[in-house]
Amino acid sequence: MRLPDPLRSRIVLVGASAYTDPDLPDLPAVRATVADLAAVFTDPDHGVVPEDHCTVLLDDADLGRVGRKLREAARAAEDLLLVYFTGHGLVGGRRHDLYLALPESEYGDPDFTSIEYDKLRGAVLDSRATTKIIVLDCCFSGRAVTGTMAGVPGTINRLEVSGTYVLTSAQRDQVSLSPPGEDHTAFSGRLIRLLREGMAGGPEYLTIDDIYHRLVSLMVAEGLPVPLNSTTENANLIALGHNRIYADNVAPALRERQVAAEQRALEGDWAGAAASLGDVVAEQTRLLGAEHEDTLRCRRAHAHCVGGAGDPTEAARLLRPLPAAHARLLGKDHPETLHTRQFLAVNLGEAGHRAEAIAVLRVLLADRSRVLGGEHEDTLRTRHILARNLALTGAEEEATALLRQLVAERDRVLGTQHPHTVRARKDLAVLERALQHG
C-alpha cells in the first residue's frame, strides 16, 4: 500500500450537470460533486495531487476538447492516472455499448455527441502511468466491467492491461441515483465522505479497494445501487489519501510524546528533545498535515530545541514560516501566533541577527500590549527580550528605559521577590553601571 507521487500523477474529473436534450434531465448534484471531488483530491495536507495536476471538465460539451484534455493528462501521468466521470450514462450502438453523456448528448443517439467508454478506456490504457483508475458514477456504468459475472457485486477482471482499476457506481443495467436533499450523487457523495471523514477501523491509508468494499457495505445497507469493481495486479493497493479517523486517533498519542520531549528540554537535554520532537513532527506532518494546529505547535517546539541545543541559525530558519502559518490557521492576534513570533525573535537574536530580532520584537510588543494589555506576563516578557537585544546592539539608553519600566511593572504585578522581577532588576543594574562608566 502506498500513496501516489503527487508530481508524477494526474487526475481528470469530467461531469455534466445540465443537458439540452429534454429526455436527459439535469443533474444539479453533479456540479457540487465535481467541485468537492476536486477539493478532496487536491487538499494540501490529505490530497493526492496539487491543484494544477487536476483537470476539471464540468459541463464541457466539446467532445474533441474533452478528448484532448484526457489524452494530455494520460501522457503526463507516470505514477497514478485517475479519470472520474459523473453524469448520465447512455447505451447506444449495435452492441449496446456504454456512452458517457456530455451537455449536448442525445438520449436516443449518443454515438457522436458523447464519450464512448471504449475510447476513454483506450486513452487510459495507453498511458505509461504505473496505476490507472477509472471511476464511473452514472447509469449503466456496470457495462464498463461486463463479463460472465455481470450483475453480481465483486471483481470482474476483464481489463487485460496490468495496473488498472475500474470502479463503477452501478450494475450493468442499473440506474445510479441522486437522492433528493443530498448535495452529491449517492455514490460519489459517500465516496467523498469516506475521504473527508475517514473510515472507522480502517488502515492508515485508504486504498481504492478499501473504499470500494466500504461503499458496497454502505450502499447495500441503504438499498442503493451496488458498485462494481475490476482490478488487475497491484492497482488495488494504491492509496487515495490518509484515513482521517486513523489520524485523529493517533493525534493524542503524538501530543503525549511532544510533552515528554519538551520535559527533556526543561531538564537540560536540548539535543535529545530536538531529536524526539523531530520524529513527532514527521509523523504529524504525514498524518495530520504540515499546518495542522498540533503540527505547528510541535514544529515550533522542535525549532526552539534546535536553538537550545546550539544551532539558533537553523532554529530561526525552521521558525520563519511558522508565524504566517499560525496566522492563517488561527488569526494574526491569536496567542499561539504571537508566541511563535517571540520564539522566532529569540532565535534570530541568538543567531546574530539582532537588528531583525529587534524589528520583530518592536511590532510584537505593540501587538501584545494591544491584545493582552501592557502588564500581561507575555507582554512583559517581550519587553524584557527587546531590552536585552537593544543592549547587545549598543542602544543602552533605550534598553535602560525599557528595563526601568519593566521592573516597576513586575514589582507591581508579580512582586519584588519574583524570579522574573529579580532578573529584570539585575539586568537593569548592569546597564546602569555601564552607562555610569561610559
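This is a predicted model: local features need pLDDT of at least 70, side-chain atom pairs count only at pLDDT 80 or more; totals for chains, interfaces and linings use all residues.
**Entry 1: asparagine 243**

I looked up asparagine 243 and found that the residue is buried, with a relative accessible area of 0%; buried means under 20% relative accessible area, exposed means over 50%, and partly exposed lies in between, with a 1.4 Å probe and protein chains only.

Asparagine 243 sits in the loop between strand E11 and helix H6 (244–266), where helices (H or I, at least four residues) and strands (E, at least two) are DSSP runs numbered from the N terminus. I then asked which backbone atom its side chain reaches. The side chain of asparagine 243 reaches the backbone nitrogen of methionine 199 at 2.6 Å. Leaving aside neighbours within four places in sequence, I listed the contacts (heavy atoms within 4.5 Å) of asparagine 243 as Gly198, Met199, Gly202, Pro203, Glu204, Tyr205 and Leu206.

**Entry 2: helix H5**

I followed helix H5, residues 208–221, which has 14 residues and reaches 20 Å from its first C-alpha to its last, close to the 20 Å expected at 1.5 Å a residue; the expected span is 1.5 Å times one less than the number of residues. Its buried residues are Ile208, Asp209, Ile211, Tyr212, Leu215, Val216 and Met219. Why are they on the same side of H5? They are on the same side because they cover an arc of only 155 degrees around the axis, the arc being that of the directions from the helix axis to the C-beta atoms.

I also checked what these buried residues pack against, and found strands E7 (131–137), E8 (164–168), E9 (205–207), E10 (228–231) and E11 (239–242), together with helix H4 (186–197). Just after H5, glycine 223 takes a positive phi of about 70 degrees.

**Entry 3: salt bridges**

I searched the whole structure and found 33 salt bridges, each being a side-chain nitrogen of Lys or Arg within 4 Å of a carboxyl oxygen of Asp or Glu. In one of them, glutamate 283 meets arginine 257 at 2.9 Å, N to O. This pair links distant parts of the chain, with glutamate 283 in helix H7 (residues 270–287) and arginine 257 in helix H6, 26 residues apart. Glutamate 283 is partly exposed at 24% relative accessible area, and arginine 257 is partly exposed at 35%.

I next looked at aspartate 294 and arginine 297, whose closest N and O atoms are 3.6 Å apart in a salt bridge. They are separated by about one helical turn because they are three residues apart in helix H8 (residues 293–308). Is each of them buried or partly exposed? Aspartate 294 counts as buried at 7% relative accessibility, whereas arginine 297 counts as partly exposed at 23%.

My last pair was arginine 425 and aspartate 411, which meet at 2.7 Å, N to O. Arginine 425 lies in helix H15 (residues 419–437) and aspartate 411 in helix H14 (residues 396–413), 14 residues apart.

Methods. Residues are numbered from 1 along each chain as its sequence is written. Side-chain values use heavy atoms; hydrogens and water are left out. A polar contact is a pair of N or O atoms within 3.5 Å; within protein, one must be able to donate a hydrogen and the other to accept it, and residues adjacent in sequence count only if both atoms are side-chain atoms.
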